[in-house]
Amino acid sequence: MSQTDTTETRSHTEVAVGVLIRESDNALLITSRPLGKPRAGWWEFPGGKLEAGETVEEALRRELVEELGIRIDNCIAWKVTEHDYSHALVRLHWCKVTQWSGDFEMREGQQMSWQQLPLTVSPVLEGSFPVLQWLSEERGLSFDPATYIQAAEAAVK
Ligand SMILES: Nc1nc2c([nH]c(=O)n2[C@H]2C[C@H](O)[C@@H](COP(=O)(O)OP(=O)(O)OP(=O)(O)O)O2)c(=O)[nH]1
């Protein structure tokens with residue numbers, strides 16, 4: 001390797017993310033990131049990192065019990081995306097969830113909001129923007145990333 005080659009190999013952090021869709025009105029569950037995590041207070045879809053030996057579905061089931069106190073009945077693998085944050089290079093495994101049981105409890109002191117598109121909470125994690133676009137397209141809605149991008153840029157300043 002030459003001295004000018006600054007190529008750095010970063011390993012991916014695998015993350016399971018749930019797009020919970022409420023049957024009655026198609027609303028999406030969005031939660032805020034708890035204090036102590038990178039981007040605390042930002043909004044995201046619920047989920048978290050895979051632990052050693054876990055499948056995406058197992059990780060999502062565990063995270064949703066730990067964070068929200070609910071048990072999911074189905075987990076439909078949907079998309080895989082990547083995002084390079086300064087704190088981690090993440091690979092996001094997106095699953096749609098339409099059935100669950102239990103009452104929502106914010107076990108990590110976070111907030112939750114059932115949202116229609118476009119979301120009204122802000123700022124939203126940048127790694128979730130592609131999914132907001134796909135969900136908008138599925139619903140025949142236009143997607144304008146500008147508002148999300150501006151809010152994210154303002155929040156990292
Ligand atoms: N849960 C979730 N994570 C997301 C989304 N979009 C996005 O870029 N991410 C990124 C942010 C984080 O870098 C990573 C998730 O890691 P995390 O720190 O929240 O995971 P965790 O709950 O297992 O946390 P920890 O207690 O192990 O630190 O994925 C999203 O919509 N939901």
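Modeller: Strand β4 supplies three residues, the largest share of the shell around the ligand. Strands here are DSSP runs (E, at least two residues), numbered from the N terminus.

Biologist: Which strands each supply at least two residues of the shell?

Modeller: They are β1 (12–20), β4 (47–49) and β7 (89–97).

Biologist: And which residues come nearest to the ligand?

Modeller: Of the 16 residues around the ligand, the nearest are E44, G47, G48, K49 and G127. A residue is near if its C-beta atom, placed from the backbone, lies within 6 Å.

Biologist: What is the make-up of the shell by class?

Modeller: The shell has eight nonpolar, five polar and three charged residues. Ala, Val, Leu, Ile, Met, Phe, Trp, Tyr, Cys and Pro count as nonpolar, Asp, Glu, Lys and Arg as charged, and the others, Gly among them, as polar.

Biologist: How confident is the predictor?

Modeller: This is a predicted model: local features need pLDDT of at least 70, side-chain atom pairs count only at pLDDT 80 or more, and totals for chains, interfaces and linings use all residues. Residues are numbered from 1 along each chain as its sequence is written. The protein chain has a mean pLDDT (the predictor's confidence in each residue, from 0 to 100) of 94, and 95% of its residues reach 70 or more. For the complex, the ipTM is 0.95 and the pTM is 0.93.

Biologist: Turning to sheets, in what order do the three strands of the open sheet lie?

Modeller: The order is β3-β2-β9, with antiparallel pairing. Strands pair if DSSP finds at least two bridges between them. At the edges, β3 (43–44) and β9 (112–115) each pair on one side only.

Biologist: How many bridges join β2 and β9?

Modeller: Strand β2 (residues 28–32) pairs with β9 over four bridges, and T31 stands opposite M112 in β9.
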